[in-house]
Amino acid sequence: YDENGRWSGTAGTGDLRTRAPVPRNGRWRIGSVTKTFVAAAVLKLADERKIALDAPIGRYLPGLLPRQDKITVRMLLNHTSGVADYAATFDETPAGLRRLAATTYTPRRLIGIGTGLPPTSDPGGRWAYSNTGYAALGLLIEKITGQGLPVALQTRVIVSNGLRGTYLPTVARTIAGPHPRGYMRDENNRPEDITDFNPSNAWAAGALISTASDVNRFFNRLLHGQVLSSGSLAQMKRTVPVAPGFTYGLGLMKLTLTCGTTVWGHKGHIPGYATYSFHSDRRGITVAATALPASNDAAVDQAMNQALNAEFCG
């Protein structure tokens, strides 16, 4: 426990080669939890009246997306734009992940891959997860602020909320500071180290590096109205249906647990690391796994959901 009564703990091995333990409050890749940080940056720009959530993306980034006059900023934030997910094209075999780890993508190339796929719906239609939409939001932040995305997030979200272990790499394959190694499964189902990973394929959709205490602090401040105006936080919590017990706001997931408790947060998967961070009015939990026990996300999801139910329904 720290001086604020917050508990943190580690289990398992942080490095299978050296057998070093998991470093306490080490950094790791938080994957799509990045989307909540990016959404917060967009909503701050809306608070400053520099963008409007219901304006078409074509007003700010002409020519970037097809159907640019019908797709709004809000639709990109809540995954109802109909723009397909570029990550659906990635080869997730061990060989494909090794290639991904060594390849540099530009945001516009990622968007080109996504817009080259058939749309998932008409703009404003059904929810369909789209990393492509968040790449577009990253370019929107850059256009409006005149800063590169790592600097814009640093100045608008990270430093102002006292997050000392959080940063957005662009192409650097290493993680700065103490961190557990991340593992995937090789062709023989053995753990293979994939910590060194070019994160340009994730960028605004999932490249942030952070710590458990930073992620907890960010969500705690966000959900208690210390990051955005009350109006923007209310917009963020306006959700669209996804699945039973699961709705999605603006870069924010809402889960209804088995006991009826509602929690807010996000989950993230990136090769080597899985992150779940969910919070109620009274408590929050951030969990990271670095050696995924199964090759599919569903099994990890199930284990993490059990942890959430134990935490919030006990």
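1. Start with Trp127 and Phe246: in this predicted model, both residues are buried. Their ring centres are 5.9 Å apart and the planes meet at 70°, so this is an edge-to-face pair. It is also a link between distant parts of the chain, with Trp127 in the loop between helix 5 and helix 6, Phe246 in strand 6 (residues 246–248), and 119 residues separating them.

2. Trp127 has another partner in Tyr248. Here the aromatic pair is tilted, at 5.8 Å centre to centre with 45° between the planes. Tyr248 sits in strand 6 and Trp127 in the loop between helix 5 and helix 6, so parts of the chain that are 121 residues apart in sequence get tied together. Like Trp127, Tyr248 is buried.

3. Trp127, Tyr129, Phe246 and Tyr248 make up one cluster, and the aromatic pairs come to seven in the count.

4. A polar atom of the Ser130 side chain lies 3.2 Å from the backbone nitrogen of Gly133. Leaving aside residues up to four places away in sequence, Ser130 touches His79, Val83, Ala84 and Asp85.

5. Next, helix 5 itself. Which of its residues are buried? They are Pro107, Leu110, Ile111 and Gly114. These four cover an arc of only 95° around the axis, so they end up on the same side of helix 5. The spacing is worth a reminder: an α-helix has 3.6 residues a turn, so residues three or four places apart point the same way. As for what that side meets, the buried residues of helix 5 pack against helix 6 and helix 8 (203–206).

6. On to the cysteines. A search of the whole structure turns up one disulfide, which joins Cys259 to Cys313 with an S to S distance of 2.0 Å. The link is left-handed, at -65° about the S-S bond. Cys259 is in the loop between strand 7 (253–256) and strand 8 (262–270) while Cys313 is in helix 11 (residues 297–313), so the bond ties together parts 54 residues apart in sequence. Buried or partly exposed, then? Cys259 counts as partly exposed at 42% relative accessibility, and Cys313 is partly exposed too, at 26%.

7. Last, a couple of backbone angles to check by eye. Arg49 is a residue other than glycine with a positive phi, near 60°. You'll find Arg49 in the loop between helix 1 (34–47) and helix 2 (57–60), and at 74% relative accessibility it counts as exposed.

8. Asn189 goes on that list as well: its phi is near 65°, again a positive value in a residue other than glycine. Asn189 lies in the loop between strand 2 (183–185) and strand 3 (191–193). With a relative accessible area of 51%, Asn189 is exposed, the cut-off being over 50%.

Terms used: Residues are numbered from 1 along each chain as its sequence is written. This is a predicted model: local features need pLDDT of at least 70, side-chain atom pairs count only at pLDDT 80 or more; totals for chains, interfaces and linings use all residues. Side-chain values use heavy atoms; hydrogens and water are left out. A polar contact is a pair of N or O atoms within 3.5 Å; within protein, one must be able to donate a hydrogen and the other to accept it, and residues adjacent in sequence count only if both atoms are side-chain atoms. Contact means heavy atoms within 4.5 Å. Rings of Phe, Tyr and Trp (its six-membered ring) pair if their centres lie within 6.5 Å; planes under 30 degrees apart count as stacked, over 60 as edge-to-face and the rest as tilted. Helices (H or I, at least four residues) and strands (E, at least two) are DSSP runs, numbered from the N terminus. Buried means under 20% relative accessible area, exposed over 50%, partly exposed in between (1.4 Å probe, protein chains only). The arc is that of the directions from the helix axis to the C-beta atoms. A disulfide is a pair of cysteine sulfur atoms within 2.5 Å.
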